[in-house]
Amino acid sequence: MREKHIAQIHDPIAVEQEEWRKRQIRNRFKQILTISSPIFILLLWELLSRTGLIDARFFPPPTKIVGTFIMMGTSGELFSHIGISLYRIFAGFLLGVIPAIILGLIMGLYSPIRHFLSPLIMALMPIPTLALLPIIIIIFGVGEVSKVVTIAGSVFFPVIINTVAGVVNIDRIYLDVAKNYGADSKNFFFKIALPGSLPVMLEGIQMGQAIALLTIVAAEMMGANSGIGYLIWTSYKAFLLQEMYVGLVLISFFGYLFSLILRGFQNKLLPWR
Amino acid sequence: MAAKISIRDLTKVFYKKGSSMTALQNVSIDVQDGEFVCFIGPSGCGKTTLLRILADLETPSTGDFTIAREKEDRPLQSMVFQEKGVIPWLTVEENVAFGLKMRHLPKNIIKERTSYYLNKVGLDKFAKIYPKDLSGGMKQRVSIARAFANDPEILLMDEPFAALDEQNKFILQEELLNIWSETKKTVLFITHSIDEALLLSDRILLMSSQPGRIIDEKVIDLPRPRNMEQVRADPKMAHHFSDIWNHLHDEVQNSRE
């Protein structure tokens with residue numbers, strides 16, 4: 001045993017190998033920690049609920065929620081709610097993001113337009129789109145359009161503000177390079193302003209995505225007869241708390257999924273970072 | 001022979017509420033076609049301002065300048081910027097092709113010239129990578145290739161090697177001289193380094209501290225091709241060196257008073 005220890009000290013590769021192995025173990029431990037916190041909470045919840053330490057009517061055990069999820073899934077009712085919510089989120093997201101990017105780039109590049117429009121943006125931004133829902137319904141009716149517009153409105157602001165900031169913060173030297181090498185306004189737009197502002201813009205889109213989820217649930221609670229938000233609200237009112245939890249878990253799942261998808265996009269779109 | 005660049009009585013004043021600062025005062029210069037001219041002066045003497053005016057990035061307050069156009073389809077000037085002039089979201093190749101693309105040249109010409117100059121600066125293997133993976137010296141090579149590929153009437157260089165370490169500086173100076181001797185472009189080059197100016201120039205213009213004026217010139221007639229060893233060994237160059245050194249010293253002293 002003692003001899004082996006000495007041998008290790010004399011072999012630098014073996015020493016480093018040992019170090020490396022220790023680092024691997026530490027990393028694996030951290031990974032386990034990351035997974036273990038949600039599992040721990042779920043187990044605790046299950047246990048407390050089953051033993052009656054917390055009220056199972058308000059906090060049904062996770063296994064029961066899973067059971068309800070499967071039941072609702074097999075009846076097909078669940079997927080129509082999910083489908084309609086996803087449709088509203090996507091349509092609203094695009095309707096908000098695309099004009100926000102275009103207008104944001106224009107505002108970033110042309111300072112007179114920026115000075116003219118930014119007070120409007122600043123004044124409108126703090127108003128929650130949800131508070132405008134009654135007006136939106138009066139204008140666009142009770143159908144799908146009003147929900148899509150609500151989402152679009154709430155996504156619009158973080159994206160436009162980040163896009164403008166992204167363009168304004170592009171290092172001056174790149175604008176000088178473009179000007180010196182004779183870039184016309186189209187090239188300024190697509191070769192300098194758009195790629196240069198993209199990192200900050202994508203942060204705004206990430207924020208917009210989170211806000212879109214918050215908004216859809218609230219909007220469907222307030223005025224809809226379908227969707228995940230509607231499911232949560234009606235289940236709550238009928239005291240079907242297991243169904244309500246299914247809705248909440250779905251929202252959490254989609255929020256996480258969208259974040260992952262956008263992160264993936266970010267890495268694809270910014271190979272130069 | 002008419003001058004390639006002729007600058008007449010150029011003055012630039014920066015004005016801010018209540019106070020003004022004269023960056024350049026009555027600068028008049030004639031530069032011949034194919035001449036390599038270096039500007040040396042203390043910091044803040046308006047060298048960069050002069051170059052930016054010629055690069056059309058700044059407007060003169062009074063006075064004017066002309067750059068003679070030899071070929072109709074050539075851009076008048078291209079600038080090699082101080083460090084960081086390489087655009088990070090374009091690959092090495094796209095950076096070198098940048099000026100040509102902006103001028104909407106035919107694709108085959110863009111491709112041909114880009115690969116020619118990538119090869120010249122030894123970056124053909126790095127054509128598809130992004131600048132984040134390049135060293136400082138390689139980035140400046142991209143900058144130089146971009147300017148030469150654009151085939152302008154004159155080249156403007158604003159301390160392109162200032163941020164590099166000594167070895168890299170020597171290598172890039174020699175590479176620059178190689179490419180330059182092939183194209184014989186007219187070059188205006190700003191530097192802080194006397195050695196660099198002696199190695200590169202046909203003529204060195206000495207500038208005063210603020211407000212910037214041209215106060216002296218040195219004609220460097222050392223035969224080309226040159227290298228740093230020859231510059232260091234030549235007694236005339238040593239004399240020039242100490243002259244320029246004393247001039248800079250005086251100007252820095254003046255600007256403190």
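User: Why is L222(B) called partly exposed?

Analyst: L222(B) has 15 other C-beta atoms within 10 Å of its own, and the cut-offs make a residue buried at 20 or more such atoms, exposed at 12 or fewer and partly exposed in between, with C-beta atoms placed from the backbone; L222(B) is therefore partly exposed. This is a predicted model, in which local features need pLDDT of at least 70 and side-chain atom pairs count only at pLDDT 80 or more, whereas totals for chains, interfaces and linings use all residues. Residues are numbered from 1 along each chain as its sequence is written, while chains are lettered from A and ligands numbered from 1 in the order in which they are written.

User: Where does L222(B) lie, and with which residues is L222(B) in contact, leaving aside its neighbours within four places in sequence?

Analyst: L222(B) belongs to the loop between strand 9 and helix 8 of chain B, where helices (DSSP H or I, at least four residues) and strands (E, at least two) are runs numbered from the N terminus. Apart from neighbours within four places in sequence, L222(B) is in contact with Q230(B), V231(B), D234(B) and M237(B), a contact being a pair of residues whose C-beta atoms, placed from the backbone, lie within 7 Å. The loop between strand 9 and helix 8 (228-233) of chain B also holds P225(B).

User: Is K186(A) buried or exposed, and how do you know that?

Analyst: K186(A), a residue of helix 9 of chain A, has 8 other C-beta atoms within 10 Å and is therefore exposed. The C-alpha atoms of K186(A) and I251(A), 65 residues apart along the chain, are separated by 41 Å.

User: Why is helix 8 of chain A called roughly antiparallel to helix 9 of chain A?

Analyst: The axes of these two helices of chain A come within 11 Å and cross at roughly 170 degrees, where axes are lines fitted to C-alpha atoms, for helices over the stretch in contact, and angles run from 0 to 180 degrees between N-to-C directions. Angles under 35 degrees count as roughly parallel, over 145 as roughly antiparallel, 65 to 115 as roughly perpendicular and the rest as oblique, so helix 8 of chain A is roughly antiparallel to helix 9 of chain A. Y174(A), L175(A) and A178(A) of helix 8 meet F188(A), I192(A) and G196(A) of helix 9 in this contact.

User: How do the residues of that contact divide by class?

Analyst: The contact of helix 8 with helix 9 of chain A has five nonpolar residues, one polar and no charged, where Ala, Val, Leu, Ile, Met, Phe, Trp, Tyr, Cys and Pro count as nonpolar, Asp, Glu, Lys and Arg as charged, and the others, Gly among them, as polar.

User: How many residues does each chain give to the contact between chains A and B, and which element of chain A gives the most?

Analyst: Chain A gives 15 residues and chain B gives 18 residues. On the side of chain A that touches chain B, helix 8 of chain A gives the most, with six residues, and by class that side has eight nonpolar, four polar and three charged residues.

User: Which residues have the most contacts inside the largest nonpolar core?

Analyst: The core has 114 residues, and those with the most contacts inside it are V155(A), A145(B), L156(B), L188(B) and F189(B); a nonpolar core is a set of buried Ala, Val, Leu, Ile, Met, Phe, Trp, Tyr and Cys residues joined through C-beta atoms within 7 Å.

Methods
Contact = placed C-beta atoms within 7 Å.
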